[in-house]
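Here are my notes on this model, as numbered points. Please read them with the structure open.

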Amino acid sequence: MAAVEKRYLFTPGPTPVPPQVLAAMAEPVVHHRTPEFRPVYERCLARLREVCRTGNDVLLFTSSGTGAFESAVANLVSPGEPHLVVSAGSFGERWATMTAAFGADVDHLRYAWGETPQAADIRSRLAEREAKAVWIVQSETSTGVVADVQPIAAAAREAGALVVVDAVSSLGAVPCETDAWGLDVVVSASQKALMTPPGLGLAAVSEAALAARGSTPAYYFDWARTRAAQQKLDAPFTPAVSLVAGLDVALGLLLAQGLDRAFERHVRLGRAARAGVKAMGLELFSPDEDRSAVVTAVRLPEGVDASVVISGVREHFGITLAGGQGELKGRIFRLGHLGWFDVFDITTALAAVELVLAEHGADIERGAAVTAALEAYEHSTVA
Ligand code: PLP
């Protein structure tokens, strides 16, 4: 092993953090109620609105994405109230459990893991049973499926329901048009396509969602308290000031490139990953379509446990890939390509997987994956 081993983080969160962001976070800590912090906070909140494509407030919490999601549950759910939760993987299931834990009368529209939720199903479910809100995951990180949120949101709104979207791994990677699509709540977190370490959660919240406050008590995650304080640039509690400084820089980088260009890059990275996987003779678990631009989930050949690949690339090459969650454990590995990724991250990951599989006797044409990935990346234009 080299004296200093290089390490690569290729998971769908946390994701690699650009050096400019790390440098901002290494600055001396400032107090949050000072002229040093306020402009950073103000700019970060404004940039979050731009990234969410909303004119509404984006509430920032010192928490991971689950905390921000819990803020939505705590503020919107009252015991006994009907809610429709759509799941097709680990995170959708988490939200079904969480809404039920807060006393919601949950109608759980449950797809098999890896399926793609369809607006028509949601429309007919809401015709049978009304719901105060529809809870949907945009990018189901456990399977690689990215749902087509716009028609789903339209179906929910037609039925008079609020729309709550888990955009934890999708915000900044694929389009999430909060206002144009009529999304009432969009939840995300710092450590995915926003290129910042874990520790900040956010929720873009519409006036309708704020007005729909239920009877469940909340304090730290109370939207009204956070909103009132943020509007005065006075966080209600001590914010993670260094993370806010880092997020501000990361959002600046994202917006300087332009969101649409970032979305295009993610589509091309997804194409590259899928082309490489197929050229290696492996089967995709995530759909082979442009929407799968966040994470590529890959099935292993018969008789090979995913842990062999994951521990192989880690031990030999310092590469971290993600395994399957829940029922997919051992059956797939997941390659993230969200946030600060480029095509050479994809080729590095593919080359390492190829080496490990070849070592385990797989019949693989050496170099084919890298070539296919580069070609798919280079020769693709995105409409
Ligand atoms: N939802 C999705 C789609 C995710 O990918 C994740 C993170 O892995 C979460 C929710 C939970 O976020 P966190 O781990 O930041 O609490």
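1. D345 is placed in helix α12, residues 343-359. Helices (H or I, at least four residues) and strands (E, at least two) are DSSP runs, numbered from the N terminus. D345 is buried, at a relative accessible area of 18%. Buried means under 20% relative accessible area, exposed over 50%, and partly exposed in between, with a 1.4 Å probe and protein chains only. Along the chain, D345 and L9 are 336 residues apart, and their C-alpha atoms are separated by 9.2 Å.

2. **Basis of the notes.** This is a predicted model, in which local features need pLDDT of at least 70, side-chain atom pairs count only at pLDDT 80 or more, and totals for chains, interfaces and linings use all residues. Residues are numbered from 1 along each chain as its sequence is written, and side-chain values use heavy atoms, with hydrogens and water left out.

3. The ligand sits in the second largest pocket. A pocket here is an open set of points on a 1 Å grid over the protein atoms alone, where a 1.4 Å probe fits, with protein on both sides within 12 Å along at least five of seven lines. A molecule sits in a pocket if more than half of its atoms lie within 2 Å of its grid points.

4. **The shell.** How many residues surround the ligand? There are 13, and the closest are S64, T66, T141, D166 and Q191. A residue is near a molecule if one of its heavy atoms lies within 4 Å of it. By type, the shell holds three nonpolar, seven polar and three charged residues. Ala, Val, Leu, Ile, Met, Phe, Trp, Tyr, Cys and Pro count as nonpolar, Asp, Glu, Lys and Arg as charged, and the others, Gly among them, as polar.

5. **Helices at the site.** α3 (65-76) and α4 (90-101) each supply at least two residues of the shell. The largest share, three residues, comes from α4.

6. A polar side-chain atom of T141 lies 2.4 Å from an oxygen atom of the ligand. For a polar side-chain atom of S64, the distance to a ligand oxygen is 2.5 Å. G65 uses its backbone: an N or O atom there lies 2.7 Å from an oxygen atom of the ligand. The protein covers 87% of the 390 Å² of accessible area that the ligand has on its own. Accessible areas come from the Shrake-Rupley method with a 1.4 Å probe; for residues, only the protein chains shown count as cover.

7. **S142.** S142 is found in the loop between β6 (139-140) and β7 (145-146). Is S142 buried or exposed? S142 is buried, with a relative accessible area of 0%. Its side chain makes a polar contact of 2.6 Å with the side chain of E140. A polar contact is a pair of N or O atoms within 3.5 Å; within protein, one must be able to donate a hydrogen and the other to accept it, and residues adjacent in sequence count only if both atoms are side-chain atoms. A polar atom of the S142 side chain also lies 3.0 Å from the backbone nitrogen of S90.

8. **D57 and R227.** D57 lies in strand β2, residues 57-61. D57 is buried, at 18% relative accessible area. The side chains of D57 and R227 are joined by a polar contact of 2.8 Å.

9. **Backbone geometry to check.** A cis peptide bond joins G13 and P14, with omega about -5°. P14 lies in the loop between β1 (8-9) and α1 (19-25). M195 is not a glycine, yet has a positive phi of about 60°. M195 sits in the loop between β9 (185-189) and β10 (201-205) and counts as buried at 5% relative accessibility. L233 also has a positive phi, near 55°, in a residue other than glycine. L233 lies in the loop between α8 (223-231) and α9 (241-257), and is buried at 17%.

10. **Two further residue pairs.** L282 lies in the loop between α10 (259-279) and β11 (283-284) and is buried at 9% relative accessibility. L282 and P301 are 19 residues apart in sequence and 6.8 Å apart in space, C-alpha to C-alpha. R33 is found in the loop between α1 and α2 (38-52). R33 is partly exposed, at 39%.

Terms used:
1 Å grid on protein atoms, 1.4 Å probe; cavity = no way out; pocket = protein on both sides within 12 Å on 5 of 7 lines; lining within 4 Å.
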